[in-house]
Amino acid sequence: MDENKVYTCSCGDSCSNEPLNESQSWKAYVPVGISLIMLLAGIAIDNFFPQFFNFYIKPGWYTLAYIPVAYPVLKEAIETIRQKDFFTEFTLMLVATLGAFFIGEYPEGVAVMLFYAVGELFQSSAVNKAKRNIKALLDVRPDTAVVERNGSYETVFPESVEIGEIIQIKAGGKVPLDGTMISLSSSFNTSALTGESKPKIISEGETVLAGMLNIDKVITIQVTKKYEDSSLSRILEMVQDATSRKAKTELLIRRFAKIYTPIVFALAVLITVIPYFIVSDYIFQDWLYRALVFLVISCPCALVVSIPLGYFGGIGAASKAGILFKGANYLDLMTKVNTVVIDKTGTLTKGVFEVQEVVVVENIDKDELIGVVASMEKFSNHPIAKAIVAFAGDKADKYNATDIEEISGHGLKGTVNGKDVLVGNNKLMKKFGIDYDIRVDSIVETIVIAAIDGKYAGYITIADEVKEDAADAIKNMHTNGIGKIVMLSGDKSSITEKVASVLGIDNAYGDLLPEDKVKHLEQLKADKRNVIAFVGDGINDAPSLALSDVGIAMGGMGSDAAIEVADVVIQTDQPSKIATAVKIAKSTRQVVMQNIILAFTVKGIVLILGGFGVATMWEAVFADVGVSLLAILNAVRILRMKF
C-alpha cells in the first residue's frame with residue numbers, strides 16, 4: 001500500500017494515509033481560527049454597535065469570515081462536479097450556506113461552514129490517531145541490518161540480505177529479518193508481533209521473527225526469509241489490506257449515502273416550492289430558510305465517516321491484542337459465529353512432543369529402533385517426527401533412509417540400509433497387513449509403530465502438552481455466545497477424547513485425515529443455523545480453513561499455507577485469543593450500531609422540527625457537525641477498550 005496515497009471516502013472526504021506533521025497541523029487550524037474570530041467579532045458588533053454594520057459592511061465582513069473555511073470546500077465541490085458527482089456533502093454545504101447569505105442570515109451561514117470545518121479537523125485527527133496507533137504498533141522494522149560478509153560485519157539495507165546469510169543483533173536492537181538462532185539463547189520482547197509484554201526466551205535452532213526486540217545480549221541468526229517475505233512484512237500487508245475490505249454495514253451505508261444525498265436536494269427544493277401553492281401567507285425567505293436547515297441537517301457525514309472509522313478502530317484494537325483481521329467484513333462475520341471447530345495439535349496443545357518410552361520386540365535393540373525410525377522421520381516436518389529426531393540425536397547417523405513415501409494420515413514407507421521399513425500409526429500397519437501387538441491400540445498417548453521387513457518391531461510413545469490457557473479459552477468462548485465447540489484431530493481418538501474431557505469441549509473426533517475434517521465441517525455447514533469458525537495451524541488445515549465461514553490460523557507457529565488461507569490470524573498462538581477476537585468484533589459492531597442509531601435519531605428529530613419551522617440553522621449545525629463529532633469520538637473509543 002502506498003503510504004502517501006490519498007483515499008476519497010464516499011462522503012467526498014479525502015483521507016490521507018500520511019498523518020499530519022507539526023507544521024501541517026497548526027496550519028490546518030489557521031483558517032478556522034480566522035473565521036471564528038471574525039464571526040464572534042461580527043456577532044458582538046452586530047449586538048453592541050449595530051450602526052457600524054451598514055448595508056455594505058455587514059455582508060462584506062461576514063464574507064471575509066466565510067472565505068477561509070469555505071474555500072477548501074469549494075475546491076472539493078468543483079473537483080467532484082468535474083468527476084460528474086454533483087450531489088456530495090460539499091455541494092450540500094455550499095448550497096446551504098450561500099442560501100443563508102442570500103436571505104441575509106450571514107452569521108448562520110458562516111457558523112455552519114465554520115463548524116463543518118471544525119468537524120473535519122476532528123475527523124482527520126481521529127483517523128490519523130487510529131492510523132498512527134496501528135503503524136506504531138506494527139511498523140517496527142529497523143532500517144538496517146548488520147550482516148557478516150568476507151569475515152567482517154557490515155551495515156546494509158535489510159532488503160539486500162540473502163537467505164542463508166548471518167546477521168548480528170545487538171542488545172536492545174530490533175530483528176530485521178526472520179531467521180534461525182545461532183547463538184545459545186537470548187530473551188526477546190515480542191509485543192510488536194503478539195501483543196504480549198512477557199519476554200520470550202529463544203534458544204539455539206529456534207525461529208526468531210522480524211520485529212522482535214533483543215533485550216539480552218549480542219546474538220547472531222541465520223536468515224531464512226527475504227525481507228519482503230518476513231512475518232512482520234506479512235502482518236503489515238494484512239493490516240493494510242484489511243482497511244480496504246469493507247463490512248456489509250459499511251458498504252450499505254455508503255450506497256445509501258449515494259442515493260440519499262440527491263433525494264435530500266430534491267426534498268429541499270420541494271420544501272421551498274410546494275408551500276407556495278398550499279399556504280396562504282407564503283413568504284419565500286421563510287420557506288427557503290427551512291429548506292436550508294433541512295439540507296444542513298440531512299448531511300450524511302456522521303454515518304459515512306464514523307462507521308468506517310469504527311471498523312478501522314476494531315482492526316487496530318485487534319492488532320494491538322495480537323489478532324489480525326484480514327478485513328472489516330470478518331469483524332462482522334465474527335459476531336455471528338456460534339460454532340467453533342478446533343484442531344488439537346498446535347492449537348489447543350503446544351505441539352511440542354517428547355519421547356516418553358521406547359518398546360521393542362525381542363532381537364531388536366532400542367537404539368537400533370530409534371535410529372531406524374529417526375532416519376525416516378528426518379524427512380517429515382511433523383512435530384512428532386521432530387521429537388523423535390531430537391531424541392535420537394546421532395543414533396540415526398549410521399542408517400541411510402531412501403525411497404521415502406508419505407502416506408497421508410498413516411505415516412511413512414521407505415527403505416533403511418536395504419530393509420523395507422514402515423513408520424506410522426495402527427492404520428498404516430493394518431493397511432500393509434502387519435501383525436502387531438493389539439495392546440498398543442489401548443494406549444492413550446500418541447504411538448509411532450515401526451515394522452521392519454514386514455514384521456512388527458516395536459513402538460515409541462510420545463506426549464504433547466495442553467496449552468496453559470486452553471481451558472480458559474473454551475470457557476470464555478462459551479461465555480461469549482459460542483454454543484458448540486468441536487475438536488478435530490488426526491491424533492488417536494483416545495487422546496482426543498481425553499483432551500476434550502479435560503478442557504470441557506462439547507464434541508471431539510480423532511483419527512481423522514485432512515479430508516475427514518472437511519467432511520465434518522460440511523456436515524456442520526449443512527445446518528444453515530451454524531456459522532462456523534475453524535481454528536488450525538498446519539498446512540493440512542488449509543482446506544478446512546478455506547471451507548469455514550471464518551478461518552482462524554495460529555500465526556506464531558502456524559504454516560504459511562494456513563496463514564495465507566485464513567481470514568483471522570492469531571499471532572500469539574494462544575487459543576484464549578479466539579474469545580478476545582469475538583469480544584472485539586462484538587464491541588466494534590456495538591459501536592457502529594450506536595453511531596447509526598445516534599445519527600438517525602438526532603437527525604430525524606431535528607428534521608421534523610425544521611420542517612415545522614421550529615429548528616434554526618444552529619440546531620441544524622448540531623444535528624450535522626455535533627452528531628458527527630460524537631460518532632467519531634465513539635468510534636475512536638474502541639482503541640482504548642480493554643479486552
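R149 is partly exposed, with a relative accessible area of 22%, where buried means under 20%, exposed over 50% and partly exposed in between (1.4 Å probe, protein chains only). The side chain of R149 joins that of E165 in a salt bridge with an N to O distance of 2.8 Å; a salt bridge is defined as a side-chain nitrogen of Lys or Arg within 4 Å of a carboxyl oxygen of Asp or Glu. E165, at 17% relative accessibility, counts as buried. Because R149 belongs to strand β3 (residues 145–149) and E165 to the loop between β4 (152–156) and β5 (166–169), the pair ties together parts that are 16 residues apart in sequence. Helices (H or I, at least four residues) and strands (E, at least two) are DSSP runs, numbered from the N terminus.

The model is predicted: local features need pLDDT of at least 70 and side-chain atom pairs count only at pLDDT 80 or more, whereas totals for chains, interfaces and linings use all residues. Residues are numbered from 1 along each chain as its sequence is written, and side-chain values use heavy atoms, with hydrogens and water left out.

The count of salt bridges comes to 10. Among them is the pair of K226 and E162, whose closest N and O atoms are 3.3 Å apart. This pair links distant parts of the chain, with K226 in the loop between β11 (219–223) and α6 (231–242) and E162 in the loop between β4 and β5, 64 residues apart. Both partners are partly exposed, K226 with a relative accessible area of 22% and E162 with one of 42%. A further salt bridge, at 2.9 Å from N to O, is formed by K517 and D343. Here K517 lies in helix α17 (residues 514–525) and D343 in strand β13 (residues 339–343), 174 residues apart. K517 is buried, with a relative accessible area of 1%, and D343 also counts as buried, at 6%.

The largest nonpolar core contains 57 residues, and those with the most contacts inside it are M113, L295 and M617. Such a core is a set of buried Ala, Val, Leu, Ile, Met, Phe, Trp, Tyr and Cys residues joined through side-chain atoms within 4.5 Å. Helices that each supply at least two residues of this core include α1 (22–48), α2 (57–82), α4 (106–138) and α20 (576–611). Helix α9 gives the most, with 10 residues. Beyond its neighbours within four places in sequence, M113 is in contact (heavy atoms within 4.5 Å) with Y66, V69, A70, V73, M93, L94 and T97. A second, separate core of 44 residues includes F325, I474, A500 and I596.

The whole structure holds 5 aromatic pairs. Rings of Phe, Tyr and Trp (its six-membered ring) pair if their centres lie within 6.5 Å, with planes under 30 degrees apart counted as stacked, over 60 as edge-to-face and the rest as tilted. The ring centres of Y66 and F101 are 5.0 Å apart and their planes stand at 55 degrees, so the pair is tilted. Y66 lies in helix α2 and F101 in helix α3, 35 residues apart, and both residues are buried. For F101 and Y106, the centres are 5.4 Å apart and the planes at 70 degrees, so this pair is edge-to-face. Y106 is buried, with a relative accessible area of 18%. Ring pairs link Y62, Y66, F101 and Y106 into a cluster.
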